[in-house]
Amino acid sequence: MTGFMRKGLALGLALLPSMALAQTILSEDPGLGAGSLGSSGTFTWSDEAALAPTANRLEDRILGDRTPEAGALEATAPDTDITLPNRPSEAPQDDAATVLADSMVLQDDQTLIAAGGVVVWYQGARLVASRLVVNGASGDLTIEGPIHLSRPGAADPEAEAVLIAESGQLDRELQDGIVRGARLVLARELQLAATELTRTGNGRMTNLRHVVASSCQICASDPTPLWEIRARTITHDAETRLITFDRPQFRAMGIPLAAVPFSLTAPDPTVERRTGFLQPEFRTTSSLGFGIKLPYFITMGDHADVTVTPYVSASRTRTLGLRYRQAWSNAVTEWNGAITRDDIEPGETRGYLFGNALVDLPRGYRLGVQVQAASDRGYLLDYDITDADRLWSGFTLERITRDKLFFGRVGNYHSLRDDENNSTSPAQVADVIWQRSFTPRYVGGQALLEWSVHAHRRPSDEDRIGRDMARASVGVDWRRSEILPGGVVGAALAGFDADIYRIAQDSRYDDVVARADPMIGAELRWPLVGGSDGATHMVEPVAQILYSPEGGDDDIPNEDSRLIEFDEGNLFSESRFPGWDAREGGLRANLGVTWTRIDPTGWSLALTGGRVLRADPDPDFPAGSALSGTSSDWLVSAQYDSGTGLAIANRALFDDGLDMSRNELRLGWLRDDLQLSAGHLWLDGDDQNTAELPDISELVANVGWQIRDGWWGSAETRYDFVADQAQRASLDLTYRNECLTVEMGVSRRFTSSDSVNPETSVGLSVRLGGFGMQEDLPGTVARRSCMR
């Protein structure tokens, strides 16, 4: 979650790792793609130089509707079942072992004595000892240590279970027997030291007497681990991968802290999913006070699970949360919800439900189902669910091939903002888009044909503010490029768009409006490449001239093109309007040049500049905006990539008098010990699409850094320089060593409204290593130093 939406306090010591702790590590997506369950705001780092986002990411979707998104739907990976082979007591004659030793002596033709650097390989197991005596009659082995034995039958013997002992007696399969002075090491994480170890059940059950268990490094000079669990006996089941503690006692730095007079069970370090309690979460916030969450995880086979989470605070809330996940061979789904009674809204039942599903259909189609509902936005923030303020529920259907695209959706929007009225905002929305790229038979080049249908409805029946609309459109774009003398690349452009609108409940417009917009154009590019001192320079001036008749857009209400951007991505576009309701018209020229330098040491620098010229001003662009008048503002951008993780990008818009209307700076720096993403956005309020808006000057930054070995810090902030206050801020510290992870954090959300108050959250989480599989975290792991 973002810094001000922290999970809060989670103290692993409260239940002890010796309980049946369930594991919920999520694994790879089963090939079904990404889904959405509301906004998580999680910042994800990649292994490439990252530039800070300047707004919530809309994903690579066909329609950017600005409803917040969550992480991809994930399916839990099936358990890796390990079944020990049921070998007969008498092995076949050719079931031979390989023995390597400094010396081997055969006594009485039946007793083999191997001594000095003994290594035995037998059916996947490896035994290392100083002396080995094999009874030829029974096949039993008497072993003198130090002994090192990997478990037979394991998928990864070195990683899963290793037995270290002083001496022992085992059967010929190296499975069952008695070992003295033993240490059992599981997955190179958890150590179990005992005076005596007995293995039974063809190697499945390992029983240890008078045991100490810990995942901490133990030094000879200081044998007391940071934490340990002592028990009369500990049993490890190699098939179920469960550890059972008989009357365990928990100690920290040798001091007893807790004990129970009965047996407890915990998963070993190889377990990903297991029914049982998850670590509790203690959460303290200014709105809810102190409370505790106690999740209980239930597996339903390899492909489904349920998590039930009661949440109780001392005086303010009683909440029951539920999560259900399931994956099939061609589908995946996840549902999250909660129901609450609290003192924030006395006498009211509050809650939310977020659900998502993706289904692969025949012929490459994919069906998506999404449900997002909440009693109020304050609930989503109070209970650390999401910072979403607009929700969407509905169905999507898509199919994408090499040359065709189909996308359809139908659903309902619901706004949680205090200043938005759901009855007068487009609520029910439907879209269908079909695109096909092809090469025309007679004229060549590349063409794109598009059909689209859109409809939206406002619940209000009042004139004007309850306007409903429907649109059907067809469009075709064509482009053919040729290389001209001198290396100039010329292109001919053409396009045609036609729309028919049905407008209801707005007396200012006709009920049915039709429109057709042809476009022709030409483009010249002159790519030039040179070099000096080993560096490569590329310069490309571009001139694009376009013409389309000035349309009658005044007859059509502009519903989908009110937010207009001007950047490198649309400098050479036929229209800067993002939707269908408005299009650029008239005679215009898009002019620009790009220079790129690629250095042999790995860094690169790129500069782009350009502007748009028009014969006549386009009235659809607001007066004073960057694209208004006969000439647009100048667009200048620069990108720098060090090749070693540092990336800087800046984009600016300014007029002929060098008065700047927009400047955007982004910085990303990614190293093993530093992860930085920051961005600053400045907008002149007088230049925005709607008059009388204030200036915007905001800083967004996320940073994580390695403070020292084992210590990782992270901070996040969003600061509004115009209001001279932060919108949110957080600081988190994580300490990790080989057996313990401690997370501490404090966050503050400063925003407020009629339904949301500022909130401060403080959290602490402690988790012991060695019980259940744990995810990797950024930064290094501290190691205990042993003095020799």
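This is a predicted model: local features need pLDDT of at least 70, side-chain atom pairs count only at pLDDT 80 or more; totals for chains, interfaces and linings use all residues.
## Other salt bridges

The structure holds 40 salt bridges. One of them joins Asp305 to Arg325, where the closest N and O atoms are 2.9 Å apart. Asp305 lies in strand β20 (residues 304-313) and Arg325 in strand β21 (residues 317-327), so the bridge ties together parts that are 20 residues apart in sequence. Asp305 is buried at 0% relative accessibility, and Arg325 is buried at 3%.

A salt bridge also connects the side chains of Arg409 and Asp431, at 3.0 Å from N to O. Arg409 and Asp431 are both buried.

## Disulfide

A search of the whole structure finds 1 disulfide. The bond joins Cys216 to Cys739, with an S to S distance of 2.1 Å. The torsion about this S-S bond is about 85°, so the disulfide is right-handed. Cys216 is in the loop between β10 (205-214) and β11, and Cys739 is in the loop between β42 (725-736) and β43 (740-749), so the pair ties together parts 523 residues apart in sequence. Both Cys216 and Cys739 are buried.

## Aromatic pairs

There are 15 aromatic pairs. In one of them, the ring centres of Trp227 and Phe771 are 6.1 Å apart and the planes are at 35°, so the pair is tilted. Trp227 is in strand β11 (residues 227-237), while Phe771 is in the segment after β44 (759-768); the two residues are 544 residues apart. Trp227 is buried, with a relative accessible area of 2%, and Phe771 is buried at 1%.

For Tyr719 and Phe721, the ring centres are 5.0 Å apart and the planes are at 65°, so this pair is edge-to-face. Tyr719 is partly exposed at 24% relative accessibility, and Phe721 is partly exposed at 42%.

## Aromatic cluster and charges over rings

One aromatic cluster is formed by Tyr311, Tyr352, Phe354, Tyr379 and Tyr383. Tyr311 also has a charged residue over its face: Lys293, at 5.2 Å from the ring centre. Arg671 is placed over the face of Trp669, at 5.1 Å from the ring centre.

## Nonpolar surface patch

Ile520, Ile545, Tyr547 and Leu587 make a nonpolar surface patch of about 390 Å². Leu587 belongs to strand β34 (residues 586-598). With 43% relative accessibility, Leu587 counts as partly exposed.

## Arg525

Arg525 is located in strand β31 (residues 512-525). The residue has a relative accessible area of 22% and is partly exposed.

Definitions and conventions
Residues are numbered from 1 along each chain as its sequence is written. Side-chain values use heavy atoms; hydrogens and water are left out. Rings of Phe, Tyr and Trp (its six-membered ring) pair if their centres lie within 6.5 Å; planes under 30 degrees apart count as stacked, over 60 as edge-to-face and the rest as tilted. Helices (H or I, at least four residues) and strands (E, at least two) are DSSP runs, numbered from the N terminus. Buried means under 20% relative accessible area, exposed over 50%, partly exposed in between (1.4 Å probe, protein chains only). A charge sits over a ring if NZ of Lys or CZ of Arg is within 6 Å of the ring centre and within 35 degrees of the ring normal. Patches are made of residues with over 30% relative accessible area and no salt bridge: like charges are joined within 9 Å, nonpolar side chains (Val, Leu, Ile, Met, Phe, Trp, Tyr) within 5 Å. Accessible areas come from the Shrake-Rupley method with a 1.4 Å probe; for residues, only the protein chains shown count as cover. A salt bridge is a side-chain nitrogen of Lys or Arg within 4 Å of a carboxyl oxygen of Asp or Glu. A disulfide is a pair of cysteine sulfur atoms within 2.5 Å.
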